[in-house]
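Visitor: Hi, I'm new to this one. Could you show it to me and walk me through it?

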Amino acid sequence: MTCYDLHSHSTVSDGSLSPEHLVARAIDQGVDVLALTDHDGTEGIIAAQAAAQGTKLSLVTGVEISVTWGSSTIHILGLKVDHKNASLQKGLEKIRDYRKERAVKIAERLEKSGISGAYEGASQYASPVMLGRVHFAKFLVDKGHAKNINDVFKRYLVRNKPGYVSGEWATLAQAVNWINGAGGQAVIAHPARYKMTATKLRRLITEFKELGGVGLEVVSGRQHPEEIKTLAKLANDFNLLASCGSDFHSPDNTWVELGRLPELPSSVNPIWKKW
Ligand code: AMP
Ligand code: MN
Ligand code: MN
Ligand code: MN
């Protein structure tokens, strides 16, 4: 059986392994097909491709785009994108510019609650490509403001907490268009994580489909078996292809490992069927 893991992060975004080390670990874990899907950037693809060259692992070029849909932040995966596509890159660059503006605001808010130097501090944990909340979290843990990353998120970096800034990311239409324009396949990442009502999720999927999206991540890391059933049904109801990915970020998260995913239910249409 071919082992697919179509959602993972490297140090280019907020993962803790370099693209090379990520590929090496995926091979160790028995992954046959790995998608590198860093947030809002494809800068790790070339290094990951080089690391996969001559091994049994086949690397899928990917990206995870941050999107604002109504009042929700959602993530759209682009699989098999041409990472050299100019309009995709221009779009991603714009999101990363916004990330810098947001980081300045996060730092200002933290400053008001008595924590100084957060922008520079967080930057030290980030690649030059992307500055995200995980980098702030690492800074805050190291400065002793929280005991671990999870704790920082709860106390500082989510809605109604001192370091929270609501996102202004790409639109759903932009994300899907960039991905399709770059010859890729757009997939709604971890649909069960958005804390949406079932009705709202169906509305998101309807709109996504109308815009040209093709896939739903039916299986993702740290997911309840009941959720897999619900998502498989949704994928079939909407005639969407099913994807699976761990959303691996770091070996420290022992509960999410590369390639350790339940199989896709036999009822769905796997996204790789026509690859
Ligand atoms: P950002 O795109 O910069 O707002 O950061 C989102 C990222 O933060 C996600 O992709 C996760 O890697 C991480 N994240 C979000 N919520 C949590 C949490 N509760 N605990 C740990 N990491 C989280
Ligand atoms: Mn992340
Ligand atoms: Mn995500
Ligand atoms: Mn992810």
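Visitor: Which strands does helix α7 lie across?

Guide: Helix α7 (residues 172-181) lies across β3, β4 and β5 (185-188), and runs at about 160 degrees to β3. Axes are lines fitted to C-alpha atoms, for helices over the stretch in contact (heavy atoms within 4.5 Å), and angles run from 0 to 180 degrees between N-to-C directions. Helices (H or I, at least four residues) and strands (E, at least two) are DSSP runs, numbered from the N terminus. This is a predicted model: local features need pLDDT of at least 70, side-chain atom pairs count only at pLDDT 80 or more, and totals for chains, interfaces and linings use all residues. Residues are numbered from 1 along each chain as its sequence is written, chains are lettered from A and ligands numbered from 1 in the order in which they are written, and side-chain values use heavy atoms, with hydrogens and water left out.

Visitor: Thanks! What order do the strands of the sheet have?

Guide: The open sheet has seven strands in the order β1-β2-β3-β4-β5-β6-β7, with mixed pairing. The edge strands β1 and β7 each pair on one side only. Two strands pair if DSSP finds at least two bridges between them.

Visitor: And does β3 run parallel or antiparallel to β2?

Guide: β2 and β3 run parallel, joined by four bridges, and L36 stands opposite T61 in β3. β3 and β4, on the other hand, pair in the antiparallel sense over eight bridges, with T68 opposite T73 in β4. Their hairpin has two residues between the strands, and G70 takes a positive phi near 60 degrees there.

Visitor: How many residues of β3 are buried?

Guide: Ten of its twelve residues are buried, so β3 is mostly covered. Buried means under 20% relative accessible area, exposed over 50%, partly exposed in between (1.4 Å probe, protein chains only).

Visitor: Changing topic: what are the protein donors of the manganese ion (ligand 3)?

Guide: They are E64 (OE), H75 (ND1) and H190 (NE2), lying 2.1 to 2.2 Å from the ion. Along the chain, these donors follow the spacing E-x10-H-x114-H. E64 is in strand β3 (residues 58-69) and H75 in strand β4 (residues 72-79), eleven residues apart. Donors are N, O and S atoms within 2.8 Å of the metal (3.2 Å for Na, K and Ca); water is not among the atoms, so sites may look incomplete.

Visitor: Back to H75, is that residue buried or exposed?

Guide: H75 is buried, because its relative accessible area is 17%. Leaving aside neighbours within four places in sequence, H75 has contacts that include H39, E64, H190 and Y194.

Visitor: How far apart are the manganese ion (ligand 3) and the manganese ion (ligand 2)?

Guide: They are 5.7 Å apart. The protein donors of the manganese ion (ligand 2) include H39 (NE2) and H249 (NE2), and D14 is listed among them too.

Visitor: Why is the arrangement around the manganese ion (ligand 2) irregular?

Guide: The six donor atoms subtend angles of 53 to 159 degrees, which makes the arrangement irregular. Four donors count as tetrahedral if all angles lie between 85 and 135 degrees; four count as square planar and six as octahedral if opposite donors are over 155 degrees apart and all others between 65 and 115; anything else is irregular.

Visitor: Where do D14 and H249 lie?

Guide: D14 lies in the loop between β1 (4-5) and α1 (19-28) and H249 in the segment after β7 (241-245), so the pair ties together parts that are 235 residues apart in sequence. Both D14 and H249 are buried.
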